[in-house]
Amino acid sequence: MRRITRIATVGVASAALALTATACGNKSSSDAGSGSKEAGAAIAYDIGGRGDQSFNDAAYAGLTKAETDLKIKGSAAEPSEGESDADKVQRLTELARSGNNPVIGVGFAYAPAIKKVAPKFPKTTFGIIDDSSVTGKNIANMVFNEEQGSYLAGVAAAKVTKSKTVGFIGGVETPLIKKFEAGFAQGVKETDPSVKVLSQYLTQPPNFDGFSKPDLGKAAAQGQLDKKADVVYAAAGLAGSGSIEATSQAGKWAIGVDSDQYSQKGLAAYKDHILTSVTKDVADSVYNLIKSVQDGKPQSGEIRYGLDKDGVGLADSNPAYTKLTDVVAAVEKAKKDIVDGKITVKTTP
């Protein structure tokens, strides 16, 4: 069973969903079409599962939009703690056999499984988010320029810090999360070289608890706060909610990730201290792939979302952020310079 320690605000429904997860996945409340041959689409959640207020929930939002707009049946399957690639293969196989098209793996961890399963279902489109290493005629690789959005977060952090110390917390030290760190650190340093950036990863592969356990994020954030950080940016999935909790309770600024975390109901108690969030349009990437299949023109190959297409960005839903007009102006200038090619953002620290 997948055991995840969630902050209380995530809610009973999400916790119950997590507790019923099995190695081959489980169905969400919107999964009426699973197991039928009716037109449907499916997503297989990444580590942390639904209710992470971040990456997985963004994918779920894309699926529910497709259910409403395209009148399709949606299915979703949860991961289990410490699962193997064989478990993922079984999960994707079951979703494809049930007639779902497309079948989308949420996260790079699904690459080995999709490589095995996609050739066995040539008429089914398989999508994978955050990976371009596995390719095929029926595989769509939905990837993002996370480093660009993180650069903007670095600009904002450098502008608002009073202690001249900011923090970055990565869930698991992987090439993907290093893109977040690289962009953030570059944005900070190119805005104010005197600002110190504290960086920490919660776990190392093959231990992926750093994406699923809020207590790890909370402890790491507290450590950075103790070192005088007054802005903390966490790219850590569900574990990032713990970082937001600690930062908020200290009265400092948190920067969210993947979804606009200021607007997440599960984080409402901390929203006043969520300055902004680095957003990835995961919801639209999921919706667009589903729609392409429904339209008879399924996407395939690399589909990249960057600042130029608003595929990544910086949320402005917190009124406290929009009132900081000098910060907003600096972020907008940086965005324009990146899109125009005047700034090249690094993908490694």
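Let me start inside the protein. By class, 10 nonpolar, three polar and five charged residues line the largest cavity. Keep in mind that this is a predicted model.

How big is that cavity? Its volume is about 180 Å³. How many cavities of 30 Å³ or more are there? The count comes to one.

Now the lining. There are 18 residues around the largest cavity, and the closest to its centre are Asp46, Phe55, Ile177, Phe211 and Asp258. Which elements give two or more residues to this lining? They are α2, residues 55-70, then α6, residues 175-191, and β9, residues 253-258. Helix α6 provides the largest share, with three residues.

Next, the sheet. Six strands make up an open sheet, and the pairing is parallel. Read across, the order is β2, β1, β3, β4, β5, β11. Neighbouring strands here are turned against each other by 20° on average, direction ignored.

Let me zoom in on one pair. Strand β3 covers residues 100-105, and strand β4 covers residues 126-129. How many bridges link β3 and β4? Three, in the parallel sense. Which residue of β4 stands opposite valine 103? That is phenylalanine 126.

Key
Residues are numbered from 1 along each chain as its sequence is written. This is a predicted model: local features need pLDDT of at least 70, side-chain atom pairs count only at pLDDT 80 or more; totals for chains, interfaces and linings use all residues. Side-chain values use heavy atoms; hydrogens and water are left out. Two strands pair if DSSP finds at least two bridges between them. Helices (H or I, at least four residues) and strands (E, at least two) are DSSP runs, numbered from the N terminus. Axes are lines fitted to C-alpha atoms, for helices over the stretch in contact, and angles run from 0 to 180 degrees between N-to-C directions. On a 1 Å grid over the protein atoms alone, a cavity is a set of points where a 1.4 Å probe fits but cannot get out, and a pocket is an open set with protein on both sides within 12 Å along at least five of seven lines; lining residues have an atom within 4 Å of a point. Grid points are joined across faces, edges and corners, and a volume is the space filled by probe spheres set on the points. Ala, Val, Leu, Ile, Met, Phe, Trp, Tyr, Cys and Pro count as nonpolar, Asp, Glu, Lys and Arg as charged, and the others, Gly among them, as polar.
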